[in-house]
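Subject: Structure handover

Hello,

Please find the structure below, with the sequence. My notes on what was found in it come after.

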Amino acid sequence: MTKMENQQLFKEVMGNYPTGVTVITATDNDGKPVGLTVNSFASVSLEPLMVLWCIDHKVSTIKTFTEGGKFAVHVLAGDQQELCKTFASKNVDRFSTCTWDFSDNELPIIEGAFAVLECKTFQTVEAGDHTILIGEVTNIQIDDKDPMLYHRRHFASIPAEFYELSKN
């Protein structure tokens with residue numbers, strides 16, 4: 001099998017693995033907010049509280065995230081589909097399309113997320129064409145909303161039937 005065929009199969013496998021969806025935000029050197037949609041997000045540790053996510057080396061704001069020392073993870077709510085699309089788009093003013101404000105930690109926080117984890121960067125790890133950012137959670141906000149689900153290039157709220165099936 002060729003490298004290209006393996007990459008295509010890998011994308012198919014990973015696209016069929018259901019995940020949540022996040023928007024990661026930070027502030028650049030000029031104090032401007034930056035952000036992007038990310039689904040490569042996972043918990044790492046309970047003591048101390050840590051999470052990780054991955055950023056492609058081709059992202060124009062990579063240095064802001066890898067060298068900025070802090071970031072916020074927004075676990076999107078099921079009704080934030082347009083926000084998800086906007087922060088995944090290129091050449092748009094992402095923050096003009098949503099309501100947000102700076103936190104006490106000077107991180108851009110977008111309203112309406114299921115949860116927000118403010119983090120200080122603990123470690124970065126180079127891995128292939130991505131960098132893994134590990135963050136220590138310094139603040140947690142959670143709202144009474146349903147989180148977003150991503151599966152097969154679609155995203156939406158978790159269907160109510162999912163919970164009914166799991167009761168059986």
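**Salt bridge**

Glu82 is exposed, at 54% relative accessible area, and Lys85 is partly exposed, at 42%. For these labels, buried is under 20% relative accessible area, exposed is over 50%, and partly exposed lies in between (1.4 Å probe, protein chains only). The accessible areas come from the Shrake-Rupley method with a 1.4 Å probe, and for residues only the protein chains shown count as cover.

The model is predicted: local features need pLDDT of at least 70, side-chain atom pairs count only at pLDDT 80 or more, and totals for chains, interfaces and linings use all residues. Residues are numbered from 1 along each chain as its sequence is written, and side-chain values use heavy atoms, with hydrogens and water left out.

The side chains of Glu82 and Lys85 form a salt bridge, at 3.4 Å from N to O. The count of salt bridges is one (a side-chain nitrogen of Lys or Arg within 4 Å of a carboxyl oxygen of Asp or Glu). Both residues sit in helix 3, three residues apart, or about one turn of the helix. Helices (H or I, at least four residues) and strands (E, at least two) are DSSP runs, numbered from the N terminus.

**Cysteines**

There are zero disulfides in the structure, a disulfide being a pair of cysteine sulfur atoms within 2.5 Å. Cys54 is in none, and the nearest cysteine sulfur, that of Cys119, is 14 Å away. Cys54 is partly exposed at 22% relative accessibility, whereas Cys119 is buried at 2%.

**Surface patch**

A nonpolar patch on the surface is formed by Phe10, Val13, Met14 and Tyr17, with about 460 Å² of accessible area together. Patches are built from residues with over 30% relative accessible area and no salt bridge; like charges are joined within 9 Å, and nonpolar side chains (Val, Leu, Ile, Met, Phe, Trp, Tyr) within 5 Å. Tyr17 lies in the loop between helix 1 (3-15) and strand 1 (22-27) and is exposed, at 52%.

**Largest pocket**

The volume of the largest pocket is about 2,100 Å³. On a 1 Å grid over the protein atoms alone, a pocket is an open set of points where a 1.4 Å probe fits, with protein on both sides within 12 Å along at least five of seven lines; lining residues have an atom within 4 Å of a point. Of the 48 lining residues, Thr37, Val38, Asn39, Asp56 and His130 are the closest to the centre. Helix 1 gives the largest share of the lining, eight residues.

Regards

Terms used:
Grid points are joined across faces, edges and corners, and a volume is the space filled by probe spheres set on the points.
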